[in-house]
Amino acid sequence: IIGGVYYETLAAAIKGAKSGETITFLKNINESVTVNQNVTINGNGKQYTGTMTGNAGQTITVQNVNFVNGGFDKSTKSTTGTYTIKDCTFDGAGTYPYAFRFKGANKVVVENCTVKNYLYSFLYVTSSTNTVSVKNVTVEGCPNYAVYFASGVVNATIEGLAVKNSDNGFIINNTAVRNLTVKNCTMENVGTAIVHSGGEKAINC
C-alpha cells in the first residue's frame with residue numbers, strides 16, 4: 001500500500017511509487033523485485049521471501065522487514081546510490097548466500113538488524129563504495145564469515161557487531177578498505193576475528 005492505494009504485488013507498488021514515497025506491506029510477500037525508485041519499503045513486521053535488487057543511483061531505505069530465504073542485492077556495478085537497511089531480521093535458511101551484496105555504491109548503512117543462517121555471509125561488498133556503516137547487528141550461523149570487503153571501500157565503520165558461530169569475523173581482501181574502524185564488537189565461537197591483509201586502519205575491537 002502507498003498512502004491509501006492498494007497494489008496486488010510489490011512490483012506493482014514500486015512501479016506506481018513516486019520518488020520519496022513509502023511502500024508498506026500489508027501481508028507476507030513471496031516475490032523477487034527490482035527497486036528502481038527512490039523509495040522507503042516498510043515491511044510492517046511482515047515476512048518477505050525473495051530478492052530485492054537495488055538499481056544503481058537510487059536512494060532506497062528498507063525497514064521493518066522479516067526476510068526469510070531472501071536478501072538485498074545491489075547487483076549493478078556503480079559508485080552511486082544510498083542504501084539503508086534498518087530494523088530488519090534475516091534468515092537465510094541455510095541456503096541463501098548473502099543477506100546483503102553490494103557491487104559498489106556511494107553509501108551503505110545497515111543498522112539494528114539480526115542475521116542468521118546464511119550460506120556465506122551477512123555483508124559482501126564487491127566493488128567501489130565510498131562509505132559503509134554497520135551498527136548494532138547480530139550475526140549467527142553464517143559459517144564462512146560475517147563481513148567480506150572484496151575491493152574498493154574508502155571508509156568503513158563497524159560498530160556493535162556481534163558474531164557467533166562463524167569461521168571468520170571480517171575478511172578484508174588485500175587493500176579493499178582504505179580506512180577501517182571497528183569498535184565495540186564481540187566474537188563468540190569465531191575462528192579468526194579479522195583476516196586483514198591490507199588497508200590502513202583497524203582499531204578498537
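Colleague: Which residues do ring pairs link into a cluster?
Modeller: Ring pairs link Phe25, Tyr48, Phe67, Phe90, Phe100 and Phe122 into a cluster. Rings of Phe, Tyr and Trp (its six-membered ring) pair if their centres lie within 6.5 Å; planes under 30 degrees apart count as stacked, over 60 as edge-to-face and the rest as tilted. This is a predicted model, in which local features need pLDDT of at least 70 and side-chain atom pairs count only at pLDDT 80 or more, while totals for chains, interfaces and linings use all residues. Residues are numbered from 1 along each chain as its sequence is written, and side-chain values use heavy atoms, with hydrogens and water left out.

Colleague: How many aromatic pairs does that rule give?
Modeller: The count comes to 13 aromatic pairs. In one of them, the ring centres of Phe90 and Phe100 are 4.7 Å apart and the planes stand at 70°, so the pair is edge-to-face.

Colleague: Which parts does the pair of Phe90 and Phe100 tie together?
Modeller: Phe90 lies in strand 11 (residues 89–91) and Phe100 in strand 12 (residues 98–116), so the pair ties together parts that are 10 residues apart in sequence. Helices (H or I, at least four residues) and strands (E, at least two) are DSSP runs, numbered from the N terminus.

Colleague: Is Phe90 buried or exposed?
Modeller: Phe90 is buried, with a relative accessible area of 2%. Phe100 also counts as buried, at 0% relative accessibility. Here buried means under 20% relative accessible area, exposed over 50%, and partly exposed in between (1.4 Å probe, protein chains only).

Colleague: What is the geometry of the rings of Phe100 and Phe122?
Modeller: The centres of the Phe100 and Phe122 rings are 5.4 Å apart and their planes are at 80°, so this pair is edge-to-face. Phe100 lies in strand 12 and Phe122 in strand 13 (residues 121–140), so the pair ties together parts that are 22 residues apart in sequence. Both Phe100 and Phe122 are buried.

Colleague: Changing topic, which strands does strand 6 join by bridges?
Modeller: Three bridges join strand 6 to strand 3 (residues 33–35), and the two run parallel. Another three bridges join strand 6 to strand 9 (residues 71–74), again in parallel. Two strands pair if DSSP finds at least two bridges between them. Met52 of strand 6 stands opposite Val33, and Met52 also stands opposite Phe72 in strand 9.

Colleague: Which way do the residues of strand 6 point?
Modeller: From strand 6 (residues 51–54), Thr51 and Thr53 point one way and Met52 and Gly54 the other way, and all are buried.

Colleague: What about Thr49?
Modeller: Thr49 is found in strand 5 (residues 47–49) and counts as buried, at 18% relative accessibility. With neighbours within four places in sequence left aside, Thr49 is in contact with Ile29, Asn30, Glu31, Val68 and Asn69.

Colleague: Where does Gln63 sit?
Modeller: Gln63 is in strand 7 (residues 59–63) and is buried, with a relative accessible area of 17%. Beyond its neighbours within four places in sequence, its contacts are Thr40, Ile41, Asn42, Gly43, Lys86, Asp87 and Cys88. Gln63 and Cys88 are 25 residues apart in sequence and 5.8 Å apart in space, C-alpha to C-alpha.

Colleague: Finally, how many helices and strands are in the chain?
Modeller: The chain has one helix and 17 strands. Its radius of gyration is 16 Å, close to the 17 Å that the globule rule gives for 205 residues, so the chain is as compact as a globular protein of that length. That radius is taken over C-alpha atoms, and the globule rule is 2.2 Å times the number of residues to the power 0.38. Of the 205 residues, 46% count as buried.

Definitions and conventions. Contact = heavy atoms within 4.5 Å.
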